[in-house]
Amino acid sequence: MSKILIIEDEPDMLRGLQDNLEFEGYEVDIADNGQTGLKMISAGGYDLILLDIMLPDISGFNICERTRDQGIKTPIILLTARGEEMDKVRGLELGADDYITKPFSLPELLARLKAILRRTDAGDDIERSQTCTIGNLTVNFQTYEATIDSHSVKMSTKEFDILWLLMKRKHEVVHRDEILSEVWNIDSYITPRTVDNFVHKLRQKIEDDPANPQNIVTIHGIGYKLIR
């Protein structure tokens, strides 16, 4: 049984989500403010976090960033009434796994939640357990740890996942749409430009000269290829 934490300050929304998720068979904990939510996240034990952005004491963006800074990789779905593209991109770049705009339907939320839980199952841990060196970066995809010359390097879960996909398909062209589908599993508000931004960040860590990449190369109009 998956254990889910909901951080939401609207009482009706909080109770409705809790009741519906428990009906679906999930174990659910709740927090009605950000500070309590942060303490519960730090205590650990959750398989997924539903996180409202517009909290009264601390923003969901800040909670997401602080969670990832602690090295906690638990998947996060952001909940918000906002629909601006930049808010969505900001949340994903801070380490969120998905983003759903209120009002949303329960079937839509459940579909996204189940998709993320499937992706984070331990089914590929055996493959991921290997440590790989890609350019300047040494990576353990199972523990989500990266180093350069034995010094720890901060990377988001999405950077790890994109790099993992490129490594599995080494020497193959991976289309931007494939990266969106495999890494985010969402479609409407994430654009290929988001993929480009994440690849740019990866190149800053991997390449000797990010402006002239020798490891992750661009296949113009299509996507990317990991070649060494």
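Let us start with helix α3, which spans residues 60–69 and has G60, F61, I63, C64, T67 and R68 as its buried residues; buried here means under 20% relative accessible area, exposed means over 50%, and partly exposed lies in between, using a 1.4 Å probe and protein chains only. Looking down the axis of α3, you will find these buried residues within an arc of 165°, so they line one face of the helix. The arc is taken from the directions that run from the helix axis to the C-beta atoms. Helices are DSSP runs of H or I with at least four residues, strands are runs of E with at least two, and both are numbered from the N terminus.

A word on the model before we go on. This is a predicted model, in which local features need pLDDT of at least 70 and side-chain atom pairs count only at pLDDT 80 or more, while totals for chains, interfaces and linings use all residues. Residues are numbered from 1 along each chain as its sequence is written, and side-chain values use heavy atoms, with hydrogens and water left out.

After α3 comes G71, whose phi is positive, near 85°. Follow the chain into the loop between α3 and β4 (76–80) and you reach T74. Is T74 buried or exposed? T74 is buried, at a relative accessible area of 14%. Setting aside neighbours within four places in sequence, T74 is in contact with Y46, D47, L48, I49, R68 and D97, where contact means heavy atoms within 4.5 Å. One of these partners, R68, is also among the buried residues of α3.

Not counting residues up to four places away in sequence, Q18 touches I6, V28 and I30.

Next, have a look at how the helices pack. Helix α7 (residues 157–168) meets helix α8 (residues 176–184) at an angle of about 125°, and their axes are 10 Å apart. Axes are lines fitted to C-alpha atoms, for helices over the stretch in contact, and the angles run from 0 to 180 degrees between N-to-C directions. This makes α7 oblique to α8; angles under 35 degrees count as roughly parallel, over 145 as roughly antiparallel, 65 to 115 as roughly perpendicular, and the rest as oblique. The crossing of α7 past α8 is right-handed, a label used if the near helix is turned clockwise from the far one by less than a right angle, with left-handed used if anticlockwise. On the α7 side, the contact is made by K158, D161, I162 and L165, and on the α8 side by E178, I179, E182, V183 and W184. Sorted by class, this contact of α7 with α8 has five nonpolar, no polar and four charged residues. In that sorting, Ala, Val, Leu, Ile, Met, Phe, Trp, Tyr, Cys and Pro are nonpolar, Asp, Glu, Lys and Arg are charged, and the others, Gly among them, are polar.

Helix α7 has a further partner in helix α9 (residues 192–206), packed at an angle of about 85° with the axes 10 Å apart. That makes α7 roughly perpendicular to α9. Here K158, E159, I162 and L163 of α7 meet F198, K201, L202, K205 and I206 of α9. The residues of the α7 contact with α9 divide into five nonpolar, no polar and four charged.

From K102 to P103 the peptide bond is cis, with omega near -5°, and P103 lies in the loop between β5 (98–101) and α5 (106–119). Y144, although not a glycine, has a positive phi of about 55°. You will find Y144 in the loop between β7 (137–140) and β8 (145–148), and at 22% relative accessibility Y144 counts as partly exposed. S150 is another residue other than glycine with a positive phi, near 70°. The loop between β8 and β9 (151–152) holds S150, which is exposed with a relative accessible area of 72%.

Finally, here are two threonines in strands. T133 lies in strand β6 (residues 131–134) and is exposed, at 56% relative accessible area. T218 is found in strand β11 (residues 216–219) and is partly exposed, at 26%. Leaving aside neighbours within four places in sequence, T218 is in contact with R176, R203, G223 and Y224.
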